[in-house]
Amino acid sequence: MGSTSAFVIRWINFFTMILALLVVGFGFWMSTHNDECRRSLTIPVMGLGGVIFLISLVGFLGAWKKIACLLWTYLIMLFVVLVAIMVFTVLAFIITNTGTGHSVSGVRYKEYRLQDYSSWFIRQLNDTEKWTHLRSCLVKSDDCNGLSRRYKTLKQYKLADLTPMESGCCRPPAECGYPAVNASYFDLSYHPVSTNIDCKQYKNTRSVLCYDCDSCKAGVAQYMKAEWRVVAIFNVILFAILG
């Protein structure tokens, strides 16, 4: 390769290494500022940053020392990563193309229905082993446990813009007809007006709530959809930079 192209490759990979370190740093920051449920999602971010750093380092050294073997290795690794990014990004947009919130009368937040999401999401969330792990960290998280501290009155609660997981896991679906006493307690003495199985699953106990409901799984699906969309957009930008 000519000296000009080697110079360009060297500096492009130098800046890409800095970008990779920022990605790893961002993943590390996320791991220290999120609960156990979300922390596991930071591992792929740091892994991606590490792979990009390794490829950029190989390209930088190859161009700096003019080692043809390293440059060819760099090009092959770059091609594989670009193909992988493209495939993942396309699949991510396809998988996250379905599912949205449904408005609830009298409140700001929305409700989510599991059947609205892609079959892939549904299979993952209905897997007993995976859901058991997700359920355990949801119980420990502050999503539901902190609602009564954040919303002192029923009016504040109804005006709250709940997250998908707070809406799906911390309360029964509105169609059940259970009146809310406060942000973390519902009057279950009323007979549910819906045949939705989630109405029977919900309990006021902090370790139960609606964690076994399909609405909770739908809330998690909506959260995952939003996260995957962010990753997919980041991949498009990364593909443009690396390509």
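**Overall form and local features of the predicted chain**

Leu209 lies in the loop between helix 11 (198-201) and helix 12 (214-242), where helices are DSSP runs of H or I with at least four residues, strands are DSSP runs of E with at least two, and both are numbered from the N terminus. The phi angle of Leu209 is near 40 degrees, a positive value in a residue other than glycine, and Leu209 is buried, with a relative accessible area of 6% (buried being under 20% relative accessible area, exposed over 50% and partly exposed in between, with a 1.4 Å probe and protein chains only). The model is predicted, so that local features need pLDDT of at least 70 and side-chain atom pairs count only at pLDDT 80 or more, whereas totals for chains, interfaces and linings use all residues. Residues are numbered from 1 along each chain as its sequence is written, and side-chain values use heavy atoms, with hydrogens and water left out.

A positive phi, near 55 degrees, is likewise found at Lys66, a residue other than glycine. Lys66 is placed in the loop between helix 3 (42-65) and helix 4, and Lys66 counts as exposed at 58% relative accessibility. Helix 4 itself (residues 68-95) contains Ile76, which also counts as exposed, at 53% relative accessibility. The C-alpha atoms of Ile76 and Leu91, 15 residues apart along the chain, are separated by 23 Å.

Ser167, located in helix 10 (residues 164-169), is buried, with a relative accessible area of 3%. When residues up to four places away in sequence are not counted, Ser167 touches Tyr109, Lys110, Glu111 and Leu162, a contact being defined by heavy atoms within 4.5 Å.

At the level of the whole chain, the secondary structure comes to twelve helices and four strands. The chain is divided into domain 1 (3-97) and domain 2 (102-225), with bounds that come from an automatic or database domain assignment, and the C-alpha centres of the two domains lie 37 Å apart. The C-alpha atoms fill a box of roughly 80 × 35 × 30 Å along the principal axes. The radius of gyration of the chain is 23 Å, whereas a compact globule of 243 residues would have a value near 18 Å; this radius is taken over C-alpha atoms, and the globule rule is 2.2 Å times the number of residues to the power 0.38. Buried residues make up 42% of the 243 residues, and among contacts between residues at least 6 apart in sequence, 61% join residues at least 24 apart.
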